[in-house]
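Thank you all for making the time this morning.

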Amino acid sequence: MADSNDYNLVLLKDQGKPVEVIYPAEGSPLIIVPSGIFRDAPNPNAARLFQSFFFSAEVQQMLVDVFAHRSFHRQVKEKGPLSSLKLLKADPAQVQAESEAIKARYAKIFGV
């Protein structure tokens with residue numbers, strides 16, 4: 001499996017399915033999902049309230065508990081600490097500059 005989709009395997013394992021999550025020794029990519037408010041949002045105060053709610057300890061803990069996602073919130077208890085994984089770090093500018101070559105290699109490796 002690829003694409004940092006380990007949370008689905010964690011959920012399946014929690015359900016008793018015969019799967020095991022194995023992370024590559026050379027490192028796993030850290031894919032951060034951004035969240036923000038558009039400058040010209042029609043309801044910026046509502047957007048700020050949603051962001052405040054979404055990043056609260058309670059909602060972040062729910063994302064970990066229910067969906068096996070990861071959180072950087074200090075009060076959240078992870079299923080398995082992110083610090084236990086070797087993470088690959090990428091320079092966004094370099095990734096963008098090499099994006100076509102990366103996509104071509106991905107398509108070749110995974111046959112898509």
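Let me begin with Gln94, which counts as partly exposed because its relative accessibility is 44%, a value between the limits of 20% and 50%. Before I go further, please keep in mind that what you are looking at is a predicted model. Gln94 sits in helix 4, which covers residues 92-97.

Is Gln51 buried or exposed? With a relative accessibility of 14%, Gln51 counts as buried, since the limit for that class is under 20%. As for its surroundings, if we leave out residues up to four places away in sequence, Gln51 touches Ser35, Gly36 and Ile37.

A pair of aromatic rings is described by two quantities, the distance of the centres and the angle of the planes. The count in this model comes to 4 aromatic pairs. In one of them, the rings of Phe50 and Phe54 have their centres 5.7 Å apart and their planes at 25°, so this pair is stacked, given that stacking asks for planes under 30 degrees apart. Both Phe50 and Phe54 lie in helix 2, residues 44-54, and they are 4 residues apart, about one turn of the helix.

How do the rings of Phe54 and Phe55 meet? Their centres are 5.0 Å apart and their planes stand at 85°, so this pair is edge-to-face, the cut-off for that class being over 60 degrees. Taken together, Phe50, Phe53, Phe54 and Phe55 form one aromatic cluster. With regard to accessibility, Phe50 counts as partly exposed at 45%, Phe54 is partly exposed with a relative accessible area of 25%, and Phe55 counts as partly exposed at 39%.

Next, helix 1, which runs over residues 6-14 and in which Asp6, Leu9 and Val10 are buried. These three cover an arc of only 105° around the axis, which puts them on the same side of helix 1. Following helix 1 there is Gly16, whose phi is positive, near 90°.

A positive phi also turns up in a residue other than glycine, namely Ala68, where the value is near 60°. Ala68 lies in the loop between helix 3, residues 57-67, and strand 2, residues 87-88, and with a relative accessible area of 10% Ala68 is buried.

Let me now come to the charged side chains. How many salt bridges does a search of the whole structure find? The search finds 4, and I will go through some of them. The side chains of Lys13 and Glu20 meet in a salt bridge, at 2.7 Å from N to O, and Lys13 counts as partly exposed at 38% relative accessibility. Asp14 forms a salt bridge with Lys79, where the closest N and O atoms are 2.8 Å apart. Since Asp14 lies in helix 1 and Lys79 in the loop between helix 3 and strand 2, this pair ties together parts that are 65 residues apart in sequence. Lys79 itself is partly exposed, with a relative accessible area of 46%.

A further salt bridge joins Lys103 and Glu100, with the closest N and O atoms 3.2 Å apart. Both residues lie in helix 5, 3 residues apart, about one turn of the helix, and Glu100 is exposed, with a relative accessible area of 56%.

I will finish with helix 5, residues 99-110, where Ile109 is also found. Ile109 is exposed, its relative accessible area being 51%, and the limit for that class is over 50%. Along with Tyr106, Phe110 and Val112, Ile109 makes a nonpolar surface patch of about 410 Å².

Key. Residues numbered from 1 in each chain as written. Predicted model: local features only at pLDDT ≥ 70, side-chain atom pairs only at ≥ 80, totals over all residues. Heavy atoms only, no water. Phe/Tyr/Trp six-rings, centres within 6.5 Å; stacked < 30°, edge-to-face > 60°. Helix = DSSP H or I, 4+ residues; strand = E, 2+ residues; numbered from the N terminus. Buried < 20%, exposed > 50% of the residue type's maximum accessible area, 1.4 Å probe, protein only. Patch = residues over 30% accessible without salt bridge, like charges linked within 9 Å, V, L, I, M, F, W, Y side chains within 5 Å. Areas by Shrake-Rupley, 256 points an atom, 1.4 Å probe, with all protein chains shown as cover. Arc of directions from axis to C-beta. Contact = heavy atoms within 4.5 Å.
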